Amino acid sequence: MDPDRVIDQLHIYEKKVLKTFEDSDKPLKPEEIAESQNMDIKSVMSAAGALESRGFVRVIKEVEEVVSLTDDGKVYATQGLPERRVIDIISGEGELEIPELSRRAGLDKAESGIAIGWLVRKGWARISDGKVSATQEKPPEAGDDEKLLKMLLDKGSIRTAELPEHLKGALKDLAGRKGIVDIKKVRKHRIELTPEGRKLIERGVEIAEEATQLTHEHLKTGSWRKLHYRGYNIDAEYPVVYPGKMHPLRRIIDEIRLIFLKLGFTESRGPLLESAFWNFDCLFQPQDHAAREMQDTFYVKNPPVTELPDEDLVRAVQSAHETGGSTGSEGWQYEWDRDVAMQSVLRTHTTCVSARFLRENEPPLKMFSVGRVFRRETITYKHLPEFHQVEGIVAGEEVNFRNLLGILREFYRKLGFEVRFRPAYFPYTYLSTECEIYLPEKKSWIELGGAGMFRPEVLEPLGVETPVAAFGLGIERLAMIRFDINDIRMLYQSDLGWLRGLPVTDDLKL
């Protein structure tokens, strides 16, 4: 790039930092540059950072340790360490008992223990039968730790790198005693000019006040023509922007909602906390079914039971279970238990929303619901105890199994999938089918939902006399396919790297 153009694009603070190096080849401290150019340190470091990003200077970062005395350390430096005060008393006196020695030295119990420990460690005294005696007649000369205390008292603080080698061990001892010295890490910077920066200086860096904005007065008087404007590098790299966007699972859910709304469906919702009646019994699922076991279903302690709906519906469901009612079925041939039906559960599917909707609305109708469901699943790469389902029903005099397949084919087409159907079994539908979609990249089919015609044992207690087609699918599995992930937990772990890499919008046109 043209050097003149580069210089023209520099901020005035960057030019001032470079200007400082005109008469210096050595690294400079930010404080030296600030004083030379009448700048504050913050502006110097900001300009240096900008220059370093362009390769014109190098910021050398150094970390130094500085040691100083604490308040207790200053007391020890003036009055002496506890062991010094003790040895001064016992030297020449033979031996003293520990309590007497502590009293005369003015030490509390903790300090007395520390003093005696260091006396023995330094070889200044010995202990025998609870008495302390000096190992030599005269008090020992000041040790390195005491010399370091005096040095710190005189100087206030010292860089550890400046300490003589024989005092570094003393610093380690004092630091290990806690509360005597304070060691802090101080960060320092030096700014060094690079060869590229030197070339700019040799080209000539002129300091001139720059116009940062145009005012009404500038335009009115024409003085704007004489102002100096800083150049801008239109080829500079721009920062990566991560805009706020919808979570991928939320996008899938909204996409599904939009498809059904455009197909003329009505959306419905239901409670997460359900009675076993609506979750199981109303759907002709026997009370001894394996899915009702606590290993598969979350039962709620508070409230432990829920109210049942109107008595007519309850009796009709009971009759369907015990004898098949008037459907021609034999039912399940057992004694239906009202208390079991009143148990509180976290709904295991959204089909209970369909049952409630059929009870409250007369056909013809088209309804769908999207919501969370709960099952006692071990968390693995493909299973979660909490996930989302989409459920739908179509009810009317002329509705049949062929209509159901046509609706599902159109739904999956709008999602961008080729679909095929194979026979299946579900407790509350007959005929029943599973929907499989084709994955071209894997050259395989994968099951993605189930569907069927509600059984008479489900419809008769609800008072529905027309055929009802029902379908449902798990949304997380669809999201895994759409976003090509192999672990369902990715949808809930908030991996920012993965989330940021997803597109803001989908290419799907509904």
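This is a predicted model: local features need pLDDT of at least 70, side-chain atom pairs count only at pLDDT 80 or more; totals for chains, interfaces and linings use all residues.
Leu 214 belongs to the loop that runs between helix 11 (195-203) and helix 12 (216-221).

In soluble globular proteins, nonpolar side chains tend to be buried together. The largest nonpolar core of this structure has 43 residues, and Ile 256 and Tyr 412 are the members that touch the most others. Leaving out residues up to four places away in sequence, Tyr 412 touches Phe 417, Val 419, Cys 435, Ile 437, Leu 448, Gly 449 and Leu 473. Another core lies apart from this one; it has 27 residues, including Phe 284, Met 367, Leu 459 and Val 464.

In helix 2, which spans residues 12-20, seven of the nine residues are buried, so the helix is mostly covered. Those buried residues are Ile 12, Glu 14, Lys 15, Lys 16, Val 17, Leu 18 and Thr 20. They pack against helix 1 (3-9), helix 3 (30-37), helix 4 (41-53) and helix 11, and also against strand 1 (57-69) and strand 6 (181-193).

Side chains of opposite charge can pair when their charged atoms come close. The model has 34 salt bridges. In one of them Glu 22 is paired with Lys 19, and the closest N and O atoms are 3.1 Å apart. Glu 22 has a relative accessible area of 35% and is therefore partly exposed, and Lys 19, at 24%, is partly exposed as well.

A second salt bridge joins Arg 292 to Asp 281, with the closest N and O atoms 3.1 Å apart. Both residues lie in the loop between helix 14 and helix 15, so the pair ties together parts that are eleven residues apart in sequence. Here Arg 292 and Asp 281 are both buried; for Arg 292 the relative accessible area is 6%.

Besides a polar contact with the side chain of Asp 281, the side chain of Arg 292 reaches the backbone oxygen of Gln 285 at 2.8 Å. Setting aside neighbours within four places in sequence, Arg 292 is in contact with Ala 276, Phe 280, Asp 281, Gln 285, Pro 286, Gln 287, Thr 297, Tyr 299 and Val 340.

A further salt bridge is made by Arg 372 and Glu 386, whose closest N and O atoms are 2.5 Å apart. Arg 372 belongs to strand 10 (residues 365-374) and Glu 386 to strand 11 (residues 386-395), so this pair ties together parts that are 14 residues apart in sequence. Arg 372 is partly exposed, with a relative accessible area of 39%, and Glu 386 is partly exposed at 30%.

Salt bridges can also be linked to one another. Glu 64, Arg 159, Glu 162 and Lys 188 are connected in a network of such bridges.

Technical notes
Residues are numbered from 1 along each chain as its sequence is written. Side-chain values use heavy atoms; hydrogens and water are left out. A nonpolar core is a set of buried Ala, Val, Leu, Ile, Met, Phe, Trp, Tyr and Cys residues joined through side-chain atoms within 4.5 Å. Buried means under 20% relative accessible area, exposed over 50%, partly exposed in between (1.4 Å probe, protein chains only). Contact means heavy atoms within 4.5 Å. Helices (H or I, at least four residues) and strands (E, at least two) are DSSP runs, numbered from the N terminus. A polar contact is a pair of N or O atoms within 3.5 Å; within protein, one must be able to donate a hydrogen and the other to accept it, and residues adjacent in sequence count only if both atoms are side-chain atoms. A salt bridge is a side-chain nitrogen of Lys or Arg within 4 Å of a carboxyl oxygen of Asp or Glu.
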